[in-house]
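Keep the model open while you read.

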Amino acid sequence: MTTIKGPAIFLAQFIGDAAPFNDLRSICQWAAGLGYKGVQLPTNDLRFIDLQKAADSKTYADEINGIVNEAGLQITELSTHLQGQLVAVNPAYDTLFDAFAPDAYKNNPAERQKWAVSQLHAAAKASKNLGLNAHVTFSGALIWHMVYPWPQRPAGLVDAAFDELAKRWEPILNVFDENGIDLCYEVHPGEDLHDGVSYERFLSKVNNHKRACLLYDPSHFVLQAMDYLEYIDIYHERIKMFHVKDAEFNPTGRQGVYGGYSDWIDRAGRFRSLGDGQVDFKAIFSKLTQYDYKGWAVLEWECALKHPEDGAREGAQFIKDHIIRVTERAFDDFAASGSDDAFNRSLIGL
């Protein structure tokens with residue numbers, strides 16, 4: 001077994017225009033001051049990393065690592081959540097998702113999609129240059145609007161959508177394989193890969209590609225009323241990344257999983273800061289340790305109530321307290337009687 005690495009923090013929700021959240025050096029110093037040992041970097045903000053430059057230049061990648069290391073931290077992984085979303089967009093969402101793309105590609109879905117693919121290619125190469133072994137993204141969605149359909153879905157629609165999703169992602173997965181990087185999908189409502197069944201459907205379409213892995217985030221399964229512990233039992237061999245994020249689900253006579261279009265603060269299911277929700281993190285850390293998860297425990301903060309800086313400060317200690325330092329021996333070794341083949345055979349009458 002391996003002791004989980006951490007605590008680390010995903011910086012996406014903390015980036016802003018005021019110090020210390022407006023450049024890589026200062027935000028790393030802030031995170032280190034809270035007790036974090038690693039940072040997960042989003043790649044859509046040039047103040048923190050130029051993704052294409054990190055892909056093209058090992059020297060630049062070393063400079064980025066140097067800034068992070070100077071604060072006493074490591075980069076855990078890079079993230080292309082926003083770019084990955086643009087690999088597969090249903091036309092109904094074109095206008096909204098244009099916000100994730102540079103101005104040059106807005107109002108041009110085909111070119112926007114090509115740009116997104118090029119970003120994923122760059123992420124694979126940049127991850128290699130940075131000495132990483134995993135990367136996180138979203139799958140995008142061609143048929144999310146059909147998740148609970150009326151009128152009914154036409155026969156063959158789901159297969160056609162997943163065929164197309166696989167057609168777009170398999171060449172990207174191959175680039176990640178060439179660079180020795182696991183591509184981890186954050187299974188998430190709003191994406192075509194939003195639960196175990198949809199992930200398995202995709203996996204079968206990409207021929208069980210060895211790089212089509214998972215980021216595990218229990219909060220998304222709480223909000224879907226899924227068994228987030230059994231999920232680890234089923235998919236632990238594919239889980240290469242871990243977002244430590246809390247959530248609660250309190251259905252009423254008025255609303256449940258879908259939330260009635262309520263704002264986050266009024267939904268039956270909502271994300272919470274660590275320790276304020278319903279997720280059984282003791283069981284999660286135990287299962288991941290049992291299955292020899294070798295990655296990082298990374299805080300993702302998304303809470304409708306608590307201030308983000310309080311969530312970050314409390315989260316560092318929360319993760320530290322839940323990481324299990326693995327034992328190097330069995331607890332009953334003191335009573336061992338020794339063993340050899342002859343002795344063992346004699347005990348069974350041979």
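The dialogue below takes up aromatic pairs, charges over rings, a helix crossing and a helix core.

Q: What should I know before reading the values?

A: This is a predicted model: local features need pLDDT of at least 70, side-chain atom pairs count only at pLDDT 80 or more, and totals for chains, interfaces and linings use all residues. Residues are numbered from 1 along each chain as its sequence is written, and side-chain values use heavy atoms, with hydrogens and water left out.

Q: Is Phe21 buried or exposed?

A: Buried means under 20% relative accessible area, exposed over 50%, partly exposed in between (1.4 Å probe, protein chains only). Phe21 has 12% relative accessibility, so it counts as buried. Trp30, at 14%, is buried too.

Q: Where do charges sit over rings?

A: The test is NZ of Lys or CZ of Arg within 6 Å of the ring centre and within 35 degrees of the ring normal. Lys245 lies over the face of Phe271, 3.8 Å from the ring centre. The charged end of Arg267 sits over the ring of Trp264, 5.1 Å from its centre.

Q: How do H1 and H3 cross?

A: Two packed helices are described by the angle and the distance between their axes. Helices (H or I, at least four residues) and strands (E, at least two) are DSSP runs, numbered from the N terminus. Axes are lines fitted to C-alpha atoms, for helices over the stretch in contact, with angles from 0 to 180 degrees between N-to-C directions. The axes of H1 (residues 24-33) and H3 (residues 58-70) come within 8 Å and cross at roughly 35°. Leu24, Arg25 and Cys28 in H1 meet Ile64, Ile67, Val68 and Glu70 in H3; contact means heavy atoms within 4.5 Å.

Q: Why is H11 called largely enclosed?

A: In H11 (residues 281-290), 7 of the 10 residues are buried, so the rest of the structure largely encloses this helix. Among the buried residues are Phe281, Ile284 and Leu288. The buried residues of H11 pack against elements including strand S6 (212-216), H10 and helix H12 (308-322). Just after H11, Asp292 takes a positive phi of about 65°.
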